[in-house]
Amino acid sequence: MSLKIVVLAKQVPDTRSVGKDAMTAEGTVNRAALPAIFNPEDLNALEQALRLKEQHPGSTVGVLTMGPPRAGEIIRQGLYRGADTGWLLTDRLFAGADTLATSYALATAIKKIGDVDIIIGGRQAIDGDTAQVGPQVAQKLGLNQVTYAEEILKIENGVATIRRHIDGGVETVEAPLPVVITVNGSAAPCRPCNAKLVMKYKRATCPMERKGDDAYASLYDERPYLTLNQWSVADVDGDAEQCGLSGSPTKVKTVQNIVFQAKESQTLTADDADVEGLIKELLNEKIIG
Ligand SMILES: Cc1cc2nc3c(=O)[nH]c(=O)nc-3n(C[C@H](O)[C@H](O)[C@H](O)COP(=O)(O)OP(=O)(O)OC[C@H]3O[C@@H](n4cnc5c(N)ncnc54)[C@H](O)[C@@H]3O)c2cc1C
């Protein structure tokens, strides 16, 4: 059985390498100081999709991402690893989306893509950290969902068999297609970029990424696969009211930059009094609450 697979992938600031200048004076994320990367668990998701493609001849893998024009890089990174296509949702009307508006936009695009058998995303993005988008996409499309997946074991007779990571162990579940799957970082790492595919797709861009005086204009006429799909709200027949800021009930009031500094150290025993003292101190300092 050939499968039409869509991978949800987000471009995120690399919050793993946060330095002193990671936040602006206004308390917002200083994106210029943090490199933009492929959300780590979305790479685990992509690997699961590429393995399914290899196991089921005739299958296709497409990378769907919502972000500013530079997020076209996420589609290229997918193509370099073996994806067949991609779609960039980019439009000012998509900007400022919370998880509700993000999942609305992604679900609307998946409807537009049509006849998708499997949607695979990461468990969570390292910037927003909510892990809500995958389940919300499933809910909006009325599809089954399997979260915390570590491995898609097989697809047979229209049923996916998936190993999930749960508290204290693993469990194997079955879900009929179409299904939304979110993948944990403990799943197999993604394969590296393939040198031949990098050569093939390195000039692939979405129209909004191109500068007016593009030296490669004739190349895009000769090789249509170098023009990546770029969709606006209108292109996916979306309701602008449900997109971006206007579709987002969440308001982030402030973002605080808390720097933990190891100024002093304490040595504690496993004694009840020591443990109790530590808990009290952490509560007083409002480190836990
Ligand atoms: C500091 C901070 C705090 C925030 N707090 C909230 C909050 O409390 N509530 C809220 O609703 N929003 C919040 N947001 C906004 C939230 O990050 C964005 O709405 C984001 O688009 C989706 O949420 P997430 O990053 O948590 O994704 P998650 O739900 O963690 O992502 C799960 C998976 O969904 C897929 N996915 C997510 N976004 C995209 C995308 N743009 N394109 C393609 N695939 C995608 C990926 O596969 C990803 O691995 C916050 C953002 C920041 C920076």
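Strand β4, made up of residues 60–66, is mostly covered, with 6 of its 7 residues buried. The structure is a predicted model, and residues are numbered from 1 along each chain.

Strand β4 pairs with two other strands. Strand β1 (residues 4–8) is joined to β4 by 5 bridges, and the two run parallel. The path between β4 and β5 includes helix α2 (residues 72–81), and together β4, α2 and β5 make a right-handed β-α-β unit.

Next comes helix α1, which spans residues 40–55 and contains E47. With a relative accessible area of 4%, E47 falls under the 20% limit and is therefore buried. The side chain of E47 is joined to that of R51 by a polar contact of 2.8 Å.

Helix α7 covers residues 272–284, and I279 is found in it. The relative accessibility of I279 is 39%, so this residue counts as partly exposed; the range for that class lies between 20% and 50%. I279 also belongs to a nonpolar patch on the surface, formed with V275, L283, I287 and I288. Together, these five residues have about 410 Å² of accessible area.

How values were computed: Predicted model: local features only at pLDDT ≥ 70, side-chain atom pairs only at ≥ 80, totals over all residues. Heavy atoms only, no water. Patch = residues over 30% accessible without salt bridge, like charges linked within 9 Å, V, L, I, M, F, W, Y side chains within 5 Å. Areas by Shrake-Rupley, 256 points an atom, 1.4 Å probe, with all protein chains shown as cover. Salt bridge = Lys/Arg side-chain N within 4 Å of Asp/Glu carboxyl O. Helix = DSSP H or I, 4+ residues; strand = E, 2+ residues; numbered from the N terminus. Buried < 20%, exposed > 50% of the residue type's maximum accessible area, 1.4 Å probe, protein only. Pairing = 2+ DSSP bridges. Right-handed = clockwise from strand over helix to strand, strands pointing away. Polar contact = N/O pair within 3.5 Å; in protein donor to acceptor, adjacent residues only side chain to side chain.
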